[in-house]
Amino acid sequence: MEVGILKRADGSAYVEIGDNKVIAAVYGPRELHPRHLQRPDRAVVNCRYNMAPFSVEERKRSGPDRRSIEISKVTRLALEPAIFTEYFPRTSIDIFIEILQADAGTRTTGITAASLALADAGIPMRDLVSACAVGKVAGRIVLDLTKVEDNFGEADMPIAIMPRDNRITLLQMDGTMTEEEFKEALKLGMEGCRKIYKEQRRALKEKYGQGD
Amino acid sequence: MGKVINLVKEELISDVRRDYILRLLENDKRIDGRRLDEGRDVEIEVGVIRKAEGSAKVKLGDTQVLVGVKLEIGEPFPDSPNRGVLTTSTELLPVASPVFEPGPPNEDAIELARVIDRGIRSSEAVDLESLCIIEGEKVWVLFIDIHVLDDDGNIMDASSIASIAALYDTKVPKTLVENGKVEILDEYEPLTVRKTPISVTIAKVGNKLVLDPNHEEELVMDSRITVTLSEENEVCSIQKGGSGTISERDVLESLEIARNRFKEVKEAISEVISRRGD
Amino acid sequence: MKKKDVVSGEFVVPGDFLGVIEEFIPGEGTYEEGGEIFSKVAGIVLIDMQNKKISVYPKVRTPITISNGDDVIGRVEDVRNQAILVRIDLVKKEGREKTELLGIPILGGIHISQVSDKYINDLSAEFQPGDIVKAKVINSRRNPVQLSTVGEKYGVIKAYCTNCRSTLVKRGIRLYCRNCGSEENRKISLDYGKGVF
């Protein structure tokens, strides 16, 4: 993980987890047009998740599809609780996530990167947001599925939390698990998020915690 | 998302900044301390995206571009049944600049892709015939996808360098044809690249020509000329840009500047490619 | 999360526990929730023992705001009888080296009494819509923000001919249009036409 990798963006981060390579950038708070989209009491958070055509085995046509629109939405909702949007009325905070190479778990890698980019942009936040995915492969609950595991796995569950008080900001599941397995997965997932959180802290410290 | 406003702001900066840049240029000085005919440092990395058949990331000063090359089996064009197909697209990602917006490619993105495409095509850098699998039926379609990550000026040249470096990095899967059916093998051979087309962009600011303009210089430039060379004395594409005009002398002078820059950049590419071969 | 004591100079990230309100007053870069104080930016902890105040000095670039004493640059939007309105886009904060772009432009006003130390009768002889001016913030709490161009450093740094919109050049104490030959008056800054912020 690395923060502040782009010159033009207000905040940016690069995160590599497994074979996932993701760039996130933040612009804002900036003036929002058209006016009718503005909120008098807070900033509007926009988010776009986008996959590079060359990020997957089979070339993906560029532009949004139903999957990336949904991911953009859940990503925005996963990050918004951490942002003090009320400090910046009538503005927008725009988050862009670019998946340069995809394995499994791009959305959680994207959230992790975007949270770093927000912190890098100096946007006041209640906490960082850390995310990871747990899954079930051959009856076992495992952390960080790879693409192969995902394709043959029985369940996939992305989670994002605000580590300070373990509040969950994203939780999705696809597949089947027993209640027992789900409980185990949730516990393992939150542990995974805390590992990610340590890495995020380290990346910020590396960039800003040195010297003077 | 706020495009108009961002443009207004950039306009104000360029309005004020223009006077300053012009004053420096009168004494042959540039805002970042370079000589007029000096390009920024080029950093090239190849093989950065494992899922692509070829890839390269280029840093030109603070400008960053990532290019991925993908191959897919498709049909040839009827008028060239024994040649593979080459397509080039550009995305000016919204991460790269406050004025880039998400959405389908705009005219700037399309112009950029077409200039790069012309350079590769007219120099015949890629041996398209080597991409034929079954004449008239099955050929490799080569997708060059240009991803602009950070726009600190002259994304054209950064894209051109990244594109040709990614082509040098490209591996083509071997195929086995049996009864008209194509089987893709798990063996690869390098794509045949015969030339190194490199674009060199020169901006005209006031009455001075500056090589490899940065973002601030682009904001105030009157016009721009991009010369693509494939050999020291072989021009394979030219594009004049910007709303101002250029003189015949400017063009000839630009060619001279471009030739020197071409040598420099070509050396950088060769070095990266040969290092990879080790 | 374990709640351990922080010390001055320690690097913290958003969400880091800093102390409790019985112990400290939450300062800049912090927020309070349920009696506890946390950091809201990545930066360095500062503990003011005398005032029992804990704050976080941001190490990241933060969204810019303007305060009294800052130099600002903007474009004249409107020239009225008693004041002109300026759309402020750039700020040079006191003590900071670089001029920074405001994420959200702020509207500023220059009252006729704050234009120069001379008596001014007609504001349109000093400013025209579209001119770019450099001014000093004298009251950032008002809306529009109150600005002043008193002093030779402040005033118009770029202006356009009211006839033909060409850029005007400085000639003596007046401005001259190379295109149509007309002469115009402005409250000119020392930095006129230099393109410096």
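Two residues are in contact here if their C-beta atoms, placed from the backbone, lie within 7 Å. This is a predicted model, in which local features need pLDDT of at least 70 and side-chain atom pairs count only at pLDDT 80 or more, while totals for chains, interfaces and linings use all residues. Residues are numbered from 1 along each chain as its sequence is written, and chains are lettered from A and ligands numbered from 1 in the order in which they are written.

I start with chain C. Among its contacts between residues at least 6 apart in sequence, 51% join residues at least 24 apart. Chain C has 16 strands and zero helices; strands (E, at least two residues) and helices (H or I, at least four) are DSSP runs, numbered from the N terminus. The C-alpha trace spans about 75 × 25 × 25 Å along the principal axes of chain C.

Next, the side of chain B that touches chain C. Ten residues of chain B are in contact with twelve of chain C. On the chain B side, six are charged, four nonpolar and none polar. Charged means Asp, Glu, Lys and Arg; nonpolar means Ala, Val, Leu, Ile, Met, Phe, Trp, Tyr, Cys and Pro; the others, Gly among them, are polar.

Now a sheet in chain B. Four strands form an open sheet in the order S10-S9-S11-S12, with antiparallel pairing; strands pair if DSSP finds at least two bridges between them. S10 (208–211) and S12 (234–241) of chain B stand at the edges with a single partner strand each, so one side of each has no neighbour in the sheet. From one strand to the next, the twist averages 25 degrees. S11 (residues 223–231) and S12 of chain B pair over seven bridges, and B:Thr228 stands opposite B:Ser237 in S12(B).

Two helices lie across this sheet. H3 (residues 155–169) of chain B lies across S9 and S11 of chain B, at about 175 degrees to S9(B). Axes are lines fitted to C-alpha atoms, for helices over the stretch in contact, and angles run from 0 to 180 degrees between N-to-C directions.
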